[in-house]
Amino acid sequence: MTVANASPGRTPNVPNAPNDPNVLRKTPLNDRHHAAGARMVPFAGWEMPLEYTGITSEHMAVRTRAGLFDVSHMGEIEIAGKDALAAVQRIACSDPAQLAVGQAQYSGLLTPDGTFLDDMIVYRMAPGHFLLVVNASNVAKDYAWISEQAKAAGDAAVIDSSSRYALLALQGPASQDVLQPLTGVELAGIGAFQFAYGEVAGARVTIARTGYTGEDGFEIFVPPNMADRVWQAILEAGRRADVIPVGLGARDTLRLEAAMRLYGNDIDESTTVLEAGLGWMIGWTNERFIGRERLLQQREQGVTRRLVGFEVTDPGIARHSYRVIQDGRPVGVVTSGTQTPFLKKAIGMAYVPVALARAGSEIQIDIRGRVARAAVVPMPFYKRKV
Amino acid sequence: MTYPDDRKYTKDHEWIRVSGDVAEVGITDYAQQQLGDVVYVELPDVGAQVSAGRPFGSIESVKAVSELFAPMGGQVVEVNGHLKQHPELVNSDPHATWMIRIRVSNPAEAAALLDSAQYQKLLG
């Protein structure tokens, strides 16, 4: 038996300047993960927990109770100044002008071609202060791009503040009940994609109702020296609800069931927002954003391929980079795929010609030399009951 | 976990237990730990020929797919049908969960395989 592609979702292994690219970076919780017996793997230049007790049990904990993630590898880039809004409007394809302070939105950092340099969440911290949470593998690239673009916007300072934050994610239906006793912030008052400042277990934090699992939950921005304290406090408070730590393996299967795109797999510099089926995130009222013209043109002309969800109907599991074939020829590619623990089906996402993109279409996927049938299905695959 | 003495092992982490001219083939505890939660096992049909060191199927966990290599050659006489519904048996009881039974064509091939002590030494 040889293990072929064990990874928590493929990631470009980008060195993390200014550190030595050969040395993996560690989050403030690294010792905790080792002590908990986590299987640690390199991910985007970091040593991260892939799984603690197993992907299936961790996945189910998040769907049925709650799970705690260390996602401190994620990057934070802040933009502040009199013209910060104009700068963010230039680099984000949503419309940050529609954000009130205390609100956040999913967005894309685009090339002039309307393709993805990265995807991100934009938080409006103050009228002239925005925080962008970006993918770990892209921090250096994003920071360079944003710094360059912000110059044209006027008075807007761009800071890579990734090392100033540890990021914990508590996700799952029990999240609010678990977290509330640890904070004076009225959590019920924080709506989806909103955030508030306050204390958790005595640490000054920002609590956002955001996540990457398809469940209700919170992402908590913590000073690195307080990360261990907050981590322990949440696990302790969650003991009765059987809250467990969750690794990147389950993070990948959870986000896939929720049809959330993974940078480097489902979206990258070769795929446009419209091809990726993310047209809903575009803020057309934002006339400043880079890539707008190309996307307007593409919206007019229509795309030739689209990212779709599929369910494999024959036996087998379709994985990243497997070909979609038609009449024996490759016509598309699988970008994400696995057998997911909650739905217990082999699902995935693939770029296919628009003629095959309608829900109900039958497509064929080359699974290591064998042709397997799959059905195009609506996304998300999993939607929580509110 | 102990590695039983009643069978042979491969460097690729399969085990084979020969009794008479029929042998059961599975994967080791070490292998299932490396794979994580197994969700699908693809096995050959009854009647298929397998040969020593060649792939006879594949095993998929949530995060990875791996080929299964036949420790010895022969003809498949039985396939473990339980695995279709319960692939997790490979995780919970790897040394009791055989995947295929083969009629061994050349018993001498066993000499090239590892015994329990040699296999555990390989694991370090």
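How many helices and strands does the secondary structure of chain B come to? I looked this up to get started: chain B has four helices and nine strands, where helices (H or I, at least four residues) and strands (E, at least two) are DSSP runs, numbered from the N terminus.

**Entry 1: ground rules**

I note that this is a predicted model, in which local features need pLDDT of at least 70, side-chain atom pairs count only at pLDDT 80 or more, and totals for chains, interfaces and linings use all residues. Residues are numbered from 1 along each chain as its sequence is written, while chains are lettered from A and ligands numbered from 1 in the order in which they are written.

**Entry 2: chain B overall**

I read the elements of chain B from the N terminus as β-β-β-α-β-β-β-β-β-α-α-β-α. The radius of gyration of chain B is 13 Å, close to the 14 Å of the globule rule for 124 residues, so chain B is as compact as a globular protein of that length. For that check, the radius is taken over C-alpha atoms, and the rule is 2.2 Å times the number of residues to the power 0.38. The C-alpha trace of chain B spans about 35 × 35 × 20 Å along its principal axes.

I also looked at burial, and 42% of the 124 residues in chain B are buried. A residue is buried if 20 or more other C-beta atoms lie within 10 Å of its own, exposed if 12 or fewer, and partly exposed in between, with C-beta atoms placed from the backbone. For contacts in chain B between residues at least 6 apart in sequence, 63% join residues at least 24 apart; two residues are in contact if their C-beta atoms, placed from the backbone, lie within 7 Å.

**Entry 3: the sheet in chain B**

I traced an open sheet of six strands in chain B, in the order β1-β2-β3-β9-β8-β5, with antiparallel pairing. Two strands pair if DSSP finds at least two bridges between them. The edges are β1 (8-9) and β5 (49-50) of chain B; each has a single partner strand, so one side of each is left without a neighbour in the sheet. Inside the sheet, five bridges join β8 (74-79) of chain B to β9 (100-104) of chain B, and Val76(B) has Ile102(B) as its bridge partner.

**Entry 4: chain A overall**

I count eight helices and 20 strands in chain A. Its radius of gyration is 21 Å, close to the 21 Å that the globule rule gives for 386 residues, so chain A is as compact as a globular protein of that length. Its C-alpha atoms fill a box of roughly 60 × 50 × 45 Å along the principal axes. Of the 386 residues, 51% count as buried.

**Entry 5: domains of chain A**

I find three domains in chain A: domain 1 (30-72 + 165-257), domain 2 (75-163) and domain 3 (304-377). These bounds come from an automatic or database domain assignment. The centres of domain 1 and domain 3 of chain A, taken over C-alpha atoms, are 32 Å apart. Their contact takes eight residues from domain 1 of chain A and seven residues from domain 3 of chain A. On the domain 1 side, α2 (55-64) and α7 (248-257) of chain A give two or more residues, and α2(A) has the largest share with five residues.

**Entry 6: where the chains meet**

Which elements of chain A each supply at least two residues of the side that touches chain B? I first noted that 20 residues of chain A are in contact with 22 residues of chain B. The elements are β1 (2-3), α2, α7 and β17 (329-339) of chain A.

**Entry 7: two strand neighbourhoods in chain A**

I followed an open antiparallel sheet of five strands in chain A, in the order β6-β7-β8-β5-β9. Within it, β5 (75-80) and β8 (129-134) of chain A are joined by six bridges, and Glu76(A) stands opposite Val133(A).

Is β10 (166-171) of chain A mostly covered or mostly open, and how many of its residues are buried? I found it mostly covered, with six of its six residues buried. Ala166(A), Leu168(A) and Leu170(A) point one way, while Leu167(A), Ala169(A) and Gln171(A) point the other way. In a regular strand the side chains alternate between the two faces of the sheet. Four antiparallel bridges join β4 (67-70) of chain A to β10(A), with Asp70(A) partnered by Leu168(A). Six bridges, also antiparallel, pair β10(A) with β13 (217-222) of chain A, where Gln171(A) stands opposite Gly217(A).
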